[in-house]
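User: Hi! I am new to protein structures and would like to learn how to read one. Could you guide me through this one?

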Amino acid sequence: MNIIEKTYKWNGKLSNRKSTNRIILHHAESKSCTADDIHSWHLENGWAGIGYHFFVRKDGSIYRGRPEGVVGSHAKGSNSDSIGICFEGSYMTETMNQTQINAGRELVTYLKNKYGISKVQKHKDVCSTNCPGTNFPFNEIVNGTVATAPTPTPTPVAKPATSGKATGTYEVTASDLSVRTGPGTNYRRKRHDELTADGKKHDKDKDGCLERGTRVTVYEWKNGWARTPSGWLSGDYLRKV
Ligand SMILES: [Zn+2]
């Protein structure tokens, strides 16, 4: 997590906070603003300067506000033992984007661990205000685990049970192609009388082999061998037509 450090000109002296028991969350009630904007607004209020300790922007960047160890000006009556975090945006009407939620969650988790605390409140839990807005994703920021970008589900590649070649009609390219009882030369060659009627027509010399140019229908491929009605043929001598 990266905290962007800022140098502010403070109007007056900041006092150290004696204890840190909780984190209080706010929205800026402004759709677009910077940490410097808030600093100047709070100076206009007559405060020492930006009253929050952290400011989380919509792009997920986290800015330092008031030094972490000093008393903030963000929740009247609750500043002496709390860290204030403000989120850019106006969450009575807007919806927070996931990048900002993730950054807020990371910051809250970091601070909880750092101070060994678990109490996180909304500004409206301690003051009469609607801050940080009814749309503020409090539970996602406070109770969720840090989400990472969703991993796209890989598109399953249909893996054919065959060698990957297409089934369909092929033509024999060898002068006399052996027909075997299985997919490989370790299977015996078929005899002429074991071929289909159509296969026999293309085995004029009756040696059990198919002539060049014979059209065969391939149902299945296995280890480079094609299963046809007559039997298994070596794919090396077949051409798709
Ligand atoms: Zn607030």
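Analyst: Gladly! Let us begin with metal sites: donors are N, O and S atoms within 2.8 Å of the metal. Please keep in mind that this is a predicted model.

User: Which residues coordinate the zinc ion here, and through which atoms?

Analyst: The zinc ion is held by His26 through ND1, His123 through ND1 and Cys131 through SG, at 2.0 to 2.2 Å. Along the sequence, these donor residues follow the spacing H-x96-H-x7-C. Histidine 26 sits in strand 2 and cysteine 131 in the loop between helix 3 (123-126) and helix 4, so this pair links distant parts of the chain, 105 residues apart.

User: Are histidine 26 and cysteine 131 buried or exposed?

Analyst: Both histidine 26 and cysteine 131 are buried.

User: Now the sheet, please. How should I read strands, and what is their order in this sheet?

Analyst: The general idea is that strands of a sheet pair through backbone hydrogen bonds, either parallel or antiparallel. Here, six strands make an open sheet in the order 1-4-3-5-2-6, and the pairing is mixed. Strand 1 (3-4) and strand 6 (119-122) are at the edges with a single partner strand each, so one side of each has no neighbour in the sheet.

User: Which helix packs on the sheet?

Analyst: Helix 2 (residues 98-115) does, and it touches strand 1, strand 2 (22-27), strand 3, strand 4, strand 5 (82-87) and strand 6. The direction of helix 2 makes about 170° with that of strand 5.

User: How do strand 3 and strand 4 run, and how many bridges join them?

Analyst: Strand 3 (residues 54-56) and strand 4 (residues 62-64) run antiparallel and are joined by three bridges. In this pairing, phenylalanine 54 is opposite arginine 64 of strand 4. Phenylalanine 54 also has contacts beyond its neighbours within four places in sequence, including Ile3, Ile83, Leu107 and Leu111.

User: What about the nonpolar core? Which residues have the most contacts inside the largest one?

Analyst: To read a core, look for buried nonpolar residues joined through side-chain atoms within 4.5 Å. The largest one has 22 residues, and those with the most contacts inside it are Ile23, Leu25, Phe54, Ile85, Phe87, Phe136 and Ile141. Strand 2, strand 3, strand 5, helix 2 and helix 4 (138-143) each give two or more residues to this core. Helix 2 provides the largest share, five residues. There is also a second, separate core of 13 residues, which includes Val172, Val218, Trp221 and Leu233.

User: Finally, salt bridges. How many are there?

Analyst: A salt bridge needs a side-chain nitrogen of Lys or Arg within 4 Å of a carboxyl oxygen of Asp or Glu. By that rule there are 16 salt bridges. One of them joins glutamate 68 to lysine 114, with the closest N and O atoms 2.8 Å apart. Glutamate 68 lies in the loop between strand 4 and strand 5, while lysine 114 is in helix 2, so the pair ties together parts that are 46 residues apart in sequence. Glutamate 68 is buried at 9% relative accessible area, whereas lysine 114 is partly exposed at 45%. Glu5, Arg64, Glu68 and Lys114 are linked in a network of salt bridges.

User: How far apart in helix 5 are aspartate 198 and lysine 201?

Analyst: They are three residues apart in helix 5 (residues 197-201), so about one helical turn separates aspartate 198 from lysine 201. These two form a salt bridge, the closest N and O atoms being 3.6 Å apart. Aspartate 198 is partly exposed, and lysine 201 is exposed.

How values were computed:
Residues are numbered from 1 along each chain as its sequence is written. This is a predicted model: local features need pLDDT of at least 70, side-chain atom pairs count only at pLDDT 80 or more; totals for chains, interfaces and linings use all residues. Side-chain values use heavy atoms; hydrogens and water are left out. Two strands pair if DSSP finds at least two bridges between them. Helices (H or I, at least four residues) and strands (E, at least two) are DSSP runs, numbered from the N terminus. Contact means heavy atoms within 4.5 Å. Axes are lines fitted to C-alpha atoms, for helices over the stretch in contact, and angles run from 0 to 180 degrees between N-to-C directions. Buried means under 20% relative accessible area, exposed over 50%, partly exposed in between (1.4 Å probe, protein chains only). Donors are N, O and S atoms within 2.8 Å of the metal (3.2 Å for Na, K and Ca); water is not among the atoms, so sites may look incomplete.
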